[in-house]
Amino acid sequence: MTATVPAATAKVGAGRMSRREVLQALSGLMVGMFVSILASTVVANALPRIIADLNGTQTVYTWIVTTELLAMTATVPLWGKMADLYSKKLLIQLSLGLFVIGSLIAGLTPNVEVLLASRVVQGVGAGGMTALATVVMAAMIPPRELGRYAGIFGAVFGVGTIAGPLIGGVLVDTSWLGWRWCFLIGVPFSLLSIFLLQRTLHLPVTRRKVKIDWLGALLITAGVSTVLVWSSLAGNKFAWASGWTALMVGGGLALLALAVWVESRAAEPIVPLGIFRNRTVSLTTVASILVGVAMFGGTVFLSQYFQLSLGKSPTVAGLMSLPMILGLLVSSTVAGQLITKYGRWKRYLVTGAAVMVVGMLLLATIDAGTSVVLLSVYMAVLGVGVGMLMQNLVLAAQNDVPAHELGAATSVLTFFRSMGGTIGVSALGAVLANRVATLSAEKLGPLAGGAPGGEGSTEVPDLSALPEPVLRIIQDVYGTATGELFLVATPFAVLALVVVLFIREKPLHTLSGDERRAKEEAAAVLPGAH
């Protein structure tokens, strides 16, 4: 234990990394972030074609998105805990390696079942990148300076998100490439990121005897997975009020209750329950869940709306997502710079949450006849709100916890935001499937025989194979159902705004996470030395 004293004091006096050193260290991290963003956005416009080629249903469409989110959500706390105990660089490289394996399997998949399995592997890798990227930034950069670098990451996020749908659309529309390359294209970027991280990222490693709470991790994963699987299947495979609902929800909650009991007694808990005594962490966690439900639950089906309701090609659908991405990019970058300059952050949380509510309400009015101009404005408004809100929730929590809990706090927020997103995608996907089936049955009537799968079918239609009268009805059905999704998701955005109002603003730290941790360790060790 005494060996920690010189290491800690040396670190405190070692001086801070220069801007150039930080940028070099972040280069591999930025490529890794680009990969994880590209992986999700490049597939978005390919999903309708993938489902058509693999003979999938609306439920499978939802599950291709949900399985990755589920795996990411369930493993984020474990990644975050390991970041407090082991080499962050090694963990990021491991997560990227898993992502490469999942991407290769997905690109070569022969059927829907293998594709879903590969998405699980991708999700585990993405969980590591999602949890660890922010942890590494907090370890090197003081909260007061994070806004400056957040602008750079905002640019990477913007490029990855803008380029993804465009690249995905082009790949799908190019006959000699096809949708499989939407998965394979991330492999070289992942390998480049691993190489850059090895060359440029150098962080101190805390070496001590540790005990990972594997039982807690298993119970959390099993409990969350059970609830998320239920939210995807309820209303589709069985009724919301049914024996299956009672069994799955009751079982999931029982597993989570047992997990809480185990975590409260574990020496090294995956999710330190004491962290929720911090008011800021608790409120930002609740807000993150609500933002995840509202944003992911609503926006993940926009690409399907562009193609099935508006009749756009995958490439055009990619272009149509630009307003929301540009709104997010500009607002997150500007807000980050202003936070660094003035040190005030709550105003951007409140404004972002309010603007997100407005964006959700506007998108709740869309249908098959909505003009592209109006749709672009609505999406830009939502992007501006999310850009100011989402990342600054993490900043608020990181600023208010001890340095040795940075990994846990960051992963807890990421975990609950991902869980909210997965629940949103699963539940709203089930709502969409039901509404499409119901509206199709109501509007098609005698034409139902010409609809894909017949009356009440949840099969995703191939528009090119439909006769003109049925085509117009199906487009109208998907437009109406998508608008209803945003209406259902809006109350969650309103609740997020209410929660954000209760977060107390505290001055931002001027020391990086590593500097704060060194001071805390020195303060803890030195008093006992005499």
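Predicted model: local features only at pLDDT ≥ 70, side-chain atom pairs only at ≥ 80, totals over all residues.
Student: How do I read the packing of helices H5 and H6?

Tutor: Two packed helices are described by the angle between their axes and the distance between the axes. Here H5 (residues 88-107) and H6 (residues 112-140) have axes that come within 8 Å and cross at roughly 155°. That angle makes H5 roughly antiparallel to H6.

Student: What is the hand of the crossing, and which residue classes make up the contact?

Tutor: The crossing of H5 and H6 is left-handed. Their contact holds 18 nonpolar residues, seven polar and one charged.

Student: How many salt bridges are there?

Tutor: Side chains of opposite charge can pair when their charged atoms come close. The count here is three salt bridges. One joins Asp-173 to Arg-49, with the closest N and O atoms 3.7 Å apart. Asp-173 sits in helix H7 and Arg-49 in helix H3, 124 residues apart.

Student: Which parts does the pair Arg-435 and Glu-484 tie together?

Tutor: Arg-435 lies in helix H18 and Glu-484 in helix H19, so the bridge ties together parts 49 residues apart in sequence. The closest N and O atoms are 2.7 Å apart. Arg-435 is partly exposed, at 26% relative accessible area. Glu-484 is partly exposed too, at 26%.

Student: Is Ser-288 buried or exposed?

Tutor: Buried means under 20% relative accessible area. Ser-288 has 3%, so Ser-288 is buried. This residue is in helix H12 (residues 279-299).

Student: Which residues does Ser-288 touch, leaving out those up to four places away in sequence?

Tutor: Ser-288 touches Leu-393, Leu-413, Phe-416 and Arg-417.

Conventions: Residues numbered from 1 in each chain as written. Heavy atoms only, no water. Helix = DSSP H or I, 4+ residues; strand = E, 2+ residues; numbered from the N terminus. Buried < 20%, exposed > 50% of the residue type's maximum accessible area, 1.4 Å probe, protein only. Contact = heavy atoms within 4.5 Å. Axes fitted to C-alpha atoms, helices over the stretch in contact; angles between N-to-C directions. Parallel < 35°, antiparallel > 145°, perpendicular 65-115°, else oblique. Left-handed = near helix turned anticlockwise from the far one by under 90°. Nonpolar A, V, L, I, M, F, W, Y, C, P; charged D, E, K, R; others polar. Salt bridge = Lys/Arg side-chain N within 4 Å of Asp/Glu carboxyl O.
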